[in-house]
Amino acid sequence: MAKHDLNFLEFMQTFRRGELLTEGDAKLTDLVSAMREHGEGGSMTISLKFKPNKAGQLECVPSITTKKPTRALGTGIYFASDEGRLTRRDPNQMDIEDEIERRRSIETH
């Protein structure tokens, strides 16, 4: 009589005709790409949840999650205007264009 027992690797390979392996491979590739891009580590978790159903069979619901490194957005520097709005220009500092115009007007007089 043929033996139909599955070891762990066979289970992973045959789950839904290879769907689990295909998804895992895609997520692993994505994770490795992100790690190479950002130079930081990440992780991949495979969870296999089993439960018996009313017919006495074992149902398995797998999930594969990754934690990829991400690029930090960095810091933005802004100033508050008198109107309570954000601005990139320091309201207490003269613009270079204003200073150039001021100097031109002095030179022409």
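Q: What covers the buried residues of α2?
A: The cover includes α1, β1 and β2 (58–67), where contact means heavy atoms within 4.5 Å. Helices (H or I, at least four residues) and strands (E, at least two) are DSSP runs, numbered from the N terminus. A friendly word on the ground rules: this is a predicted model, so local features need pLDDT of at least 70 and side-chain atom pairs count only at pLDDT 80 or more, while totals for chains, interfaces and linings use all residues. Residues are numbered from 1 along each chain as its sequence is written, and side-chain values use heavy atoms, with hydrogens and water left out.

Q: Which residues of α2 are called buried?
A: They are Leu20, Gly24, Leu31 and Ala34. The label buried means under 20% relative accessible area, exposed means over 50%, and partly exposed is in between (1.4 Å probe, protein chains only).

Q: How do you know that the span of helix α2 agrees with its number of residues?
A: The expected span of a helix is 1.5 Å times one less than its number of residues. For the 20 residues of α2 (residues 19–38) that should be 28 Å, and the end C-alpha atoms are 29 Å apart, so the two agree. Just after α2, Gly39 takes a positive phi of about 70°.

Q: Why is α3 said to lie largely in the open?
A: Of its 13 residues, the number buried is 1, so α3 lies largely in the open. Its span can be checked too: helix α3 (residues 96–108) should span 18 Å, and its end C-alpha atoms are 18 Å apart, which agrees.

Q: Why is the pair of Phe11 and Phe15 called edge-to-face?
A: Rings of Phe, Tyr and Trp (its six-membered ring) pair if their centres lie within 6.5 Å; planes under 30 degrees apart count as stacked, over 60 as edge-to-face and the rest as tilted. The search of the whole structure finds 2 aromatic pairs. In this one, the ring centres of Phe11 and Phe15 are 5.9 Å apart and the planes are at 65°, so the pair is edge-to-face. Phe11 has a relative accessible area of 18%, so it is buried, and Phe15, at 15%, is buried as well.

Q: What makes the pair of Phe11 and Phe50 tilted?
A: The planes of Phe11 and Phe50 are at 40° and the ring centres 5.9 Å apart, so this pair is tilted. Phe11 lies in helix α1 (residues 8–14) and Phe50 in strand β1 (residues 43–52), so the pair ties together parts that are 39 residues apart in sequence. Phe50 has 47% relative accessibility, so it counts as partly exposed. Phe11, Phe15 and Phe50 form one aromatic cluster.

Q: How do you know that the charged end of Arg88 sits over the ring of Tyr78?
A: A charge sits over a ring if NZ of Lys or CZ of Arg is within 6 Å of the ring centre and within 35 degrees of the ring normal. The charged end of Arg88 is 4.6 Å from the centre of the Tyr78 ring and sits over it.

Q: Why does Met12 count as buried?
A: Its relative accessibility is 8%, so Met12 counts as buried. Met12 is found in helix α1. Not counting residues up to four places away in sequence, it touches Leu20, Leu21, Ile46 and Leu48.

Q: What makes Lys27 and Glu23 a salt bridge?
A: A salt bridge is a side-chain nitrogen of Lys or Arg within 4 Å of a carboxyl oxygen of Asp or Glu. In Lys27 and Glu23, the closest N and O atoms are 3.4 Å apart. Being 4 residues apart in helix α2, these two are separated by about one helical turn. Lys27, at 27%, is partly exposed, and Glu23, at 36%, is partly exposed too.

Q: How many salt bridges does the rule give?
A: The count comes to 4. Among them, Arg16 pairs with Glu19, their closest N and O atoms being 3.6 Å apart. Arg16 counts as exposed at 59% relative accessibility, whereas Glu19 is partly exposed at 44%.
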